[in-house]
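Student: Please take the terms one at a time and set each value against its definition.

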Amino acid sequence: FASMISTFTLNSVLSVYHGNAWDLSSPGLINFGRFDSEKMGYTIQEIPIFIFMGVVGGILGALFNALNYWLTMFRIRYIHRPCLQVVEAMLVAAVTATVGFVMIYCSRDCQPIQGSSVAYPLQLFCADGEYNSMATAFFNTPEKSVVNLFHDPPGSYNPMTLGMFTLMYFFLACWTYGLTVSAGVFIPSLLIGAAWGRLFGISLSYLTKGSIWADPGKYALMGAAAQLVHCVLPWGCFTQSFPCREVMSTPVTCLRRIERVGTVVDILSDTSSNHNGFPVVESNPDTTQVAGLRGLILRSQLIVLLKHKVFVERANLSVVQRRLKLKDFRDAYPRFPPIQSIHVSQDERECMIDLSEFMNPSPYTVPQEASLPRVFKLFRALGLRHLVVVDNRNEVVGMVTRKDLARYRLGKEGLEELSLAQT
């Protein structure tokens with residue numbers, strides 16, 4: 001719905017800008033141009049070639065993910081301070097600029113300006129009347145470079161230029177993705193795929209003596225699509241032999257429905273844990289042994305309750321607690337005060353707090369036999385931060401958080417725990 005509204009709004013504005021009010025046929029802010037139907041036509045004999053390109057794109061995508069994974073692990077361990085993050089961003093910018101200029105200087109791929117479709121040709125180290133193809137690929141915006149790789153006529157790029165550009169841009173994009181600056185991976189992936197796809201098309205054109213169906217632009221398009229292939233998430237490979245109890249945190253810190261204020265303060269002040277949510281339990285009146293799950297309350301909610309002193313004395317549990325409004329929670333969002341800034345006297349520690357009115361009475365839960373793929377799908381589909389694990393008596397036996405899922409992966413010998421830094 002959001003995409004539809006934004007597309008309609010953009011088309012309306014652009015139609016007025018182009019003098020065709022309510023035409024609503026403007027292509028948008030990112031447009032890769034129209035393709036010649038004769039050159040872009042394909043036959044059934046080319047389908048195996050496209051399948052092969054898809055395999056290559058999948059392998060490159062898996063390599064990109066693997067390299068970025070190890071780079072992310074390195075950043076978590078050693079580049080977690082803001083000053084170091086700024087230094088890394090400056091280093092990436094400096095290395096990118098240096099590599100670009102060195103490659104342009106070493107490149108001798110000079111193409112004639114006359115008859116070229118390049119809007120702003122860069123001469124640099126080429127002779128008069130010529131432009132540097134490597135500079136065109138590096139100095140243009142990624143969107144414009146993709147368009148050039150799609151639509152430039154055959155012979156506009158030297159194979160060595162495309163090969164070096166693909167190799168360098170691949171590693172630079174992998175290094176850039178994950179910096180603490182605004183950066184994406186969609187358009188760079190298109191550009192990488194378009195570069196090696198056009199290189200593949202040029203090689204195919206050499207082998208087929210320049211047949212019209214082996215147009216480099218068409219294979220640049222196929223390479224761009226293939227590069228967007230993502231490798232499968234390893235959670236899809238798990239079977240029923242990996243239940244969620246393998247990754248859940250246990251034992252779980254639980255709160256009673258009517259809890260002592262001092263207990264709540266001590267739990268929130270515990271420096272060994274930084275839990276965001278706490279299950280609320282209560283014993284069944286019929287059976288005093290089982291403390292069944294009754295709800296879930298967040299750390300931020302507890303802090304607001306303590307800040308506004310929403311509790312009563314032990315001797316007067318029938319007294320109505322102070323009423324809170326939604327505004328009280330909204331005013332504290334998103335920078336909730338730390339528990340250390342809230343003063344609770346010794347007498348107040350003996351008071352009681354009723355969590356029934358503020359807890360979530362129906363949190364998402366799974367049985368301890370639930371499989372990891374199911375748990376992972378719940379986290380992805382619902383945007384969960386934590387999931388309560390219960391037994392067949394509705395008793396809390398564990399808690400699964402995002403960090404719990406991130407600590408494990410499927411390895412050669414089954415479920416493996418990753419050595420993540422505690423941040």
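Tutor: A residue is called buried under 20% relative accessible area, exposed over 50%, and partly exposed in between, with a 1.4 Å probe and protein chains only. This is a predicted model, in which local features need pLDDT of at least 70, side-chain atom pairs count only at pLDDT 80 or more, and totals for chains, interfaces and linings use all residues. Residues are numbered from 1 along each chain as its sequence is written, and side-chain values use heavy atoms, with hydrogens and water left out.

Student: Why is Glu 395 called partly exposed?

Tutor: Its relative accessible area is 22%. That value lies between the 20% and 50% limits, so Glu 395 is partly exposed.

Student: What makes the contact of Arg 393 and Glu 395 a salt bridge?

Tutor: The term requires a side-chain nitrogen of Lys or Arg within 4 Å of a carboxyl oxygen of Asp or Glu. Between the side chains of Arg 393 and Glu 395 the N to O distance is 3.0 Å, so the pair meets the rule. By this rule the count comes to 10 salt bridges.

Student: How do you know that Glu 88 and Arg 75 form such a pair, and which elements hold them?

Tutor: Their side chains meet at 2.8 Å, N to O, in a salt bridge. The pair links distant parts of the chain, with Glu 88 in helix α4 and Arg 75 in helix α3, 13 residues apart. Helices (H or I, at least four residues) and strands (E, at least two) are DSSP runs, numbered from the N terminus. Glu 88 is buried because its relative accessible area is 10%, and Arg 75 is buried as well, at 8%.

Student: What makes Glu 282 and Arg 294 a salt bridge, and are they buried or partly exposed?

Tutor: The closest N and O atoms of Glu 282 and Arg 294 are 3.8 Å apart, so the pair is within the 4 Å limit. This pair also links distant parts of the chain: Glu 282 belongs to strand β5 (residues 277-283) and Arg 294 to strand β6 (residues 291-298), 12 residues apart. Both are partly exposed, Glu 282 with a relative accessible area of 29% and Arg 294 with 28%. Salt bridges that share partners join Arg 257, Glu 282, Arg 294 and Asp 354 into one network.

Student: Why is helix α11 called largely enclosed?

Tutor: Of the 9 residues of helix α11 (residues 299-307), 8 are buried, so the rest of the structure largely encloses it. Among the buried residues are Arg 299, Gln 301 and Leu 306.

Student: What makes the phi of Lys 309 and that of Leu 124 worth noting?

Tutor: Most residues other than glycine have a negative phi, and most peptide bonds are trans. Lys 309, which follows α11, has a positive phi near 55°. It lies in the loop between α11 and α12 (326-332) and is partly exposed at 34% relative accessible area. Leu 124 has a positive phi near 50°; its place is the loop between β1 (110-112) and β2 (130-132), and at 41% it counts as partly exposed.

Student: Where is the cis peptide bond?

Tutor: It joins Thr 250 and Pro 251, with omega about -5°. Pro 251 is in the loop between α9 (216-227) and β3 (255-256).

Student: Why is the group around Ile 59 called a nonpolar patch?

Tutor: Patch residues have over 30% relative accessible area and no salt bridge; like charges are joined within 9 Å, and nonpolar side chains (Val, Leu, Ile, Met, Phe, Trp, Tyr) within 5 Å. Ile 59, in helix α3 (residues 47-78), has a relative accessible area of 55% and is exposed, so it passes the 30% limit. With Tyr 42, Ile 44, Ile 47, Ile 51 and Val 55 it forms a surface patch of about 630 Å² of accessible area. Such areas come from the Shrake-Rupley method with a 1.4 Å probe, and for residues only the protein chains shown count as cover.

Student: How do you know that His 386 is buried?

Tutor: Its relative accessible area is 14%, so it falls under the 20% limit. His 386 is in strand β9 (residues 386-390).
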